[in-house]
Amino acid sequence: MTKHLGYKIFVALLLLFVVGVAVTGLILSGPPSQERARRIDQQRTNDLSSLTYSIDQYVNEVGGLPSSLADLSRLQAKGMYIPAQDPVTGEEYEYRALVGDSYEVCATFAAASIDNGPNAARVDPFNQMWKHDIGRTCFQRTAQRYPKPP
């Protein structure tokens with residue numbers, strides 16, 4: 001009887017440990033829906049980053065900013081991937097030419113980006129460039145002109 005009691009206590013403690021680890025994991029990482037929102041937002045920032053690269057390419061080929069994202073189709077014809085739509089809603093990302101080579105790209109985010117504190121730029125410079133809150137956020141960028149080869 002004592003042997004069975006010891007076994008039951010061991011199983012109960014093991015079960016408490018497993019449940020404790022699972023609860024701690026959920027507390028630290030958030031619920032699965034929150035993690036899904038972060039992953040989708042990461043896809044959105046990756047898309048916006050690809051768009052800015054595409055706009056840079058366009059500026060260097062044509063000499064000026066595109067009037068709309070549709071103008072980037074000439075780059076698609078060359079095999080460049082142009083992510084123009086939100087992965088969840090299917091709505092087009094927003095783009096607006098500003099002054100000179102400046103423009104903005106906008107997306108609607110499901111969650112705020114993670115703040116890594118005062119050393120964030122060294123820890124993850126990409127996420128610092130695309131830091132956002134929940135909801136619609138616009139990022140102002142300036143097209144990068146590359147030197148023409150001689």
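Are Phe109 and Phe139 buried or exposed? I looked this up first, and both Phe109 and Phe139 are buried. I took buried to mean under 20% relative accessible area, exposed over 50%, and partly exposed in between, with a 1.4 Å probe and protein chains only.

**Entry 1: basis of the notes**

I note that this is a predicted model, in which local features need pLDDT of at least 70 and side-chain atom pairs count only at pLDDT 80 or more, whereas totals for chains, interfaces and linings use all residues. Residues are numbered from 1 along each chain as its sequence is written, and side-chain values use heavy atoms, with hydrogens and water left out.

**Entry 2: overall make-up**

I looked up the elements and found five helices and three strands in the protein. Helices (H or I, at least four residues) and strands (E, at least two) are DSSP runs, numbered from the N terminus. From the N terminus on, their order is α-α-α-β-β-α-α-β. Of the 150 residues, 29% count as buried. The protein exposes about 10100 Å², and carbon and sulfur atoms supply 60% of this area; the method is Shrake-Rupley with a 1.4 Å probe, and for residues only the protein chains shown count as cover. I also looked up contacts, meaning heavy atoms within 4.5 Å. Among those between residues at least 6 apart in sequence, 62% join residues at least 24 apart.

**Entry 3: the sheet**

I traced an open sheet of three strands in the order β1-β2-β3, with antiparallel pairing. Two strands pair if DSSP finds at least two bridges between them. The edge strands, each pairing on one side only, are β1 (94-97) and β3 (135-142). From one strand to the next, the twist averages 20 degrees.

β1 and β2 are joined by four bridges, and Arg96 has Glu104 in β2 as its bridge partner. These two strands form a hairpin with four residues between them, and Gly100 in the turn has a positive phi of about 65 degrees. Strand β2 (residues 102-109) pairs with β3 over eight bridges. On that side, Cys106 stands opposite Cys138 in β3, and Tyr103 has Arg141 in β3 as its bridge partner.

How many of the eight residues of β2 are buried? I found six, so I record the strand as mostly covered, in keeping with the limit of under 20% relative accessible area.

Helix α2 (residues 32-62) lies across β1, β2 and β3 and runs at about 160 degrees to β2. Axes are lines fitted to C-alpha atoms, for helices over the stretch in contact, and angles run from 0 to 180 degrees between N-to-C directions.

I then looked up the largest nonpolar core, which has 19 residues. Such a core is a set of buried Ala, Val, Leu, Ile, Met, Phe, Trp, Tyr and Cys residues joined through side-chain atoms within 4.5 Å. Leu48, Ile55, Leu72 and Val105 have the most contacts inside the core. The elements that give two or more residues to the core are α2 and β2, and α2 supplies the largest share, five residues.

With residues up to four places away in sequence left out, Leu72 touches Leu51, Ser54, Ile55, Tyr58, Pro66 and Ile82. Ser54 lies in helix α2 and counts as buried at 1% relative accessibility. Under the same exclusion, Ser54 touches Leu72, Leu75, Met80, Tyr81 and Ile82.

**Entry 4: aromatic pairs**

I found three aromatic pairs. Rings of Phe, Tyr and Trp (its six-membered ring) pair if their centres lie within 6.5 Å; planes under 30 degrees apart count as stacked, over 60 as edge-to-face and the rest as tilted. The pair of Tyr95 and Tyr103 is tilted, because the ring planes stand at 45 degrees, with the centres 5.9 Å apart. Both Tyr95 and Tyr103 are buried.

Phe109 and Phe139 form an edge-to-face pair, 6.2 Å centre to centre with 85 degrees between the planes. Phe109 lies in strand β2 and Phe139 in strand β3, so this pair ties together parts that are 30 residues apart in sequence. Phe109, Trp130 and Phe139 form one aromatic cluster.

**Entry 5: Thr137**

Thr137 lies in strand β3 and is buried, with a relative accessible area of 14%. Not counting residues up to four places away in sequence, Thr137 touches Val105, Cys106, Ala107, Phe109 and His132. Thr137 and Glu104 are 33 residues apart in sequence and 9.9 Å apart in space, C-alpha to C-alpha.
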